[in-house]
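Visitor: I have a model open and would like to learn how to read it. Could you walk me through it?

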Amino acid sequence: MSSRRSRSRQPANPGISDDQIIELVSKLQQLLPELRHRRSDKVSASKVLQEMCNYIRTLHREVDGLSDRLSELLATSDTAQAAIIRNLLMQ
């Protein structure tokens with residue numbers, strides 16, 4: 001039982017301090033549109049991480065939608081327009 005206690009007291013990654021974790025969570029919070037302006041309000045790290053996961057999922061859906069729209073545009077455009085769009089995307 002004493003070995004269990006000693007393991008539970010050791011940090012998961014001794015190279016990262018609590019202050020660094022707090023700073024990283026704060027930076028993540030600043031990236032989230034819904035939480036960006038709530039600096040004065042305390043937001044838990046778990047809330048920030050949950051919101052970040054939701055935000056990333058939303059961004060993935062937006063990218064998928066834009067990709068679908070671009071594919072449709074390329075399929076319906078004439079050859080010259082499609083070539084121009086492809087060249088722009090390659091830059």
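Predicted model: local features only at pLDDT ≥ 70, side-chain atom pairs only at ≥ 80, totals over all residues.

Visitor: Where does glutamate 51 sit, and which residues does glutamate 51 touch?

Guide: Contact means heavy atoms within 4.5 Å. Glutamate 51 belongs to helix H3 and touches Leu32, Glu34 and Leu35, leaving aside residues up to four places away in sequence.

Visitor: How many helices and strands does the chain have?

Guide: Those are DSSP runs numbered from the N terminus: helices are H or I with at least four residues, strands E with at least two. Here you get four helices and zero strands, in the order α-α-α-α from the N terminus.

Visitor: What is the angle between H2 and H3?

Guide: Axes are lines fitted to C-alpha atoms, for helices over the stretch in contact, and angles run from 0 to 180 degrees between N-to-C directions. H2 (residues 18–31) and H3 (residues 45–76) have axes that come within 10 Å and cross at roughly 40°. That makes the pair oblique; under 35 degrees would be roughly parallel, over 145 roughly antiparallel, 65 to 115 roughly perpendicular, and the rest is oblique.

Visitor: Which residues of H2 and H3 meet?

Guide: Val25, Leu28, Gln29 and Leu31 in H2 meet Ala45, Val48, Leu49, Met52 and Tyr55 in H3. Sorted by class, that contact has eight nonpolar, one polar and no charged residues. The classes are Ala, Val, Leu, Ile, Met, Phe, Trp, Tyr, Cys and Pro as nonpolar, Asp, Glu, Lys and Arg as charged, and the others, Gly among them, as polar.

Visitor: And how do H3 and H4 cross?

Guide: Their axes come within 8 Å and cross at roughly 145°, with H4 spanning residues 79–90. Leu70, Leu73 and Leu74 in H3 meet Ala82, Ile85, Arg86 and Leu89 in H4, giving six nonpolar, no polar and one charged residues.

Visitor: What percentage of the chain's residues count as buried?

Guide: Of its 91 residues, 13% do.

Definitions and conventions:
Residues numbered from 1 in each chain as written. Heavy atoms only, no water. Buried < 20%, exposed > 50% of the residue type's maximum accessible area, 1.4 Å probe, protein only.
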